[in-house]
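Here is a short briefing on one protein chain. Look at the structure first, then work through the points below.

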Amino acid sequence: MRARNFGIYALEMGTNSGRGMRERKKIATRQALSAAALRLARERGPENVRVDDIAEAAGVSPRTYNNYFSSREQAIMVALAAERGLRVGTALRARPADESLDQAVVAAVIEQYSGDGEPDRDALALITSAPALQAEFLDTIAAIERPLAEAIAARTGSGGSTDDQGELGPEVLAAAVSAAARVAAERWLRPDPVTPFSAMLLEALTWITPALRTAER
């Protein structure tokens with residue numbers, strides 16, 4: 001349920017242009033709910049926020065809330081992480097064709113966690129304040145895996161989809177990238193990290209760049 005909802009949000013955000021009024025209203029409602037969830041969590045602490053509170057703050061019913069999110073933690077993390085999983089795949093597809101796979105993948109992933117995408121100290125304090133939020137944060141990290149696998153498949157000529165019984169390579173490489181990102185996130189969530197998340201993520205990704213280079217041979 002959690003992954004399905006997050007994936008739908010990513011798809012909606014990625015294809016916003018040209019969609020009808022009904023679809024745009026759904027996106028706006030989801031954004032309003034997640035923004036309300038994040039604001040209330042920062043004001044009261046995540047454990048003191050109820051679904052009814054979020055729904056009321058966003059001006060919708062609790063039933064409507066449940067159509068968009070399966071938990072308050074998911075709503076909070078959507079506001080912090082947005083559709084980052086889908087954007088990683090899109091960013092990789094947009095990298096120069098003559099760029100090596102390892103450089104393109106690392107750049108595409110780091111791009112989503114740098115600048116405005118870099119989790120700040122306030123976000124860290126919020127995420128680490130509740131185990132459920134930490135789990136949800138790690139889930140958003142894992143969300144890069146499928147769109148990244150499809151982008152790697154397209155870039156390496158293995159096909160643009162991972163739905164059939166094609167080569168395992170793109171899925172294995174994407175899983176390795178996702179695992180490296182998850183390890184970086186787990187390390188970053190420890191008390192008093194001394195480096196930005198993007199720097200820790202870059203260090204983790206260097207351990208799998210040899211495999212990405214090999215994939216192009």
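Arg39 counts as partly exposed because its relative accessibility is 39%. Buried means under 20% relative accessible area, exposed means over 50%, and partly exposed lies in between (1.4 Å probe, protein chains only). Arg39 sits in helix α2, residues 21-44.

The model is predicted: local features need pLDDT of at least 70, side-chain atom pairs count only at pLDDT 80 or more, and totals for chains, interfaces and linings use all residues. Residues are numbered from 1 along each chain as its sequence is written, and side-chain values use heavy atoms, with hydrogens and water left out.

**The chain as a whole**

- The protein chain has 13 helices and 0 strands. Helices (H or I, at least four residues) and strands (E, at least two) are DSSP runs, numbered from the N terminus.
- Of the 217 residues in the protein chain, 43% are buried.
- Take the contacts in the protein chain with a separation of 6 or more: 69% of them join residues 24 or more positions apart. Contact means heavy atoms within 4.5 Å.

**Two buried serines**

- Ser71 lies in the loop between α4 (62-68) and α5 (72-81). Ser71 counts as buried because its relative accessibility is 13%.
- Ser71 touches Tyr65 and Glu136, not counting residues up to four places away in sequence.
- Ser198 belongs to helix α12. With a relative accessible area of 15%, Ser198 is buried.
- Ser198 is in contact with Ile110, Tyr113, Ser114 and Glu118, leaving aside its neighbours within four places in sequence.

- How are two packed helices described? By the angle between their axes and the distance between the axes.
- Axes are lines fitted to C-alpha atoms, for helices over the stretch in contact, and angles run from 0 to 180 degrees between N-to-C directions.
- The axes of α5 and helix α9 (residues 131-142) come within 9 Å and cross at roughly 50°.
- The pair α5 and α9 is therefore oblique. Angles under 35 degrees count as roughly parallel, over 145 as roughly antiparallel, 65 to 115 as roughly perpendicular, and the rest as oblique.
- The α5 and α9 crossing is right-handed. A crossing is right-handed if the near helix is turned clockwise from the far one by less than a right angle, and left-handed if anticlockwise.
- From α5, Glu73, Gln74, Ile76, Met77 and Ala81 meet Ala132, Leu133, Glu136, Phe137 and Thr140 in α9.
- By class, this contact of α5 with α9 has 6 nonpolar, 2 polar and 2 charged residues. Ala, Val, Leu, Ile, Met, Phe, Trp, Tyr, Cys and Pro count as nonpolar, Asp, Glu, Lys and Arg as charged, and the others, Gly among them, as polar.

**Helices α7 and α10**

- Helix α7 (residues 101-111) and helix α10 (residues 145-156) pack at about 150°, with axes 12 Å apart. That angle makes α7 roughly antiparallel to α10.
- Their contact is made by Leu101, Ala104 and Val105 of α7 and Ile152, Arg155 and Thr156 of α10. It divides into 4 nonpolar, 1 polar and 1 charged.
- Ile152 is buried, with a relative accessible area of 0%. Ile152 and Leu101 are 51 residues apart in sequence, yet 8.1 Å apart in space, C-alpha to C-alpha.
- Leaving aside its neighbours within four places in sequence, Ile152 has contacts that include Leu92, Pro170 and Leu173.

- Helix α11 (residues 169-188) and helix α12 (residues 197-205) pack at about 135°, with axes 8 Å apart. The two are therefore oblique to each other.
- Residues of this contact include Val177 and Trp188 of α11, and Phe197 and Leu201 of α12. The contact of α11 with α12 has 11 nonpolar, no polar and 1 charged.
- Which residues touch the most other members of the largest nonpolar core? Of its 56 residues, they are Phe137, Leu201 and Leu205.
- A nonpolar core is a set of buried Ala, Val, Leu, Ile, Met, Phe, Trp, Tyr and Cys residues joined through side-chain atoms within 4.5 Å.
- Phe137 touches Met77, Ile127, Ala185, Trp188 and Leu189, not counting residues up to four places away in sequence.
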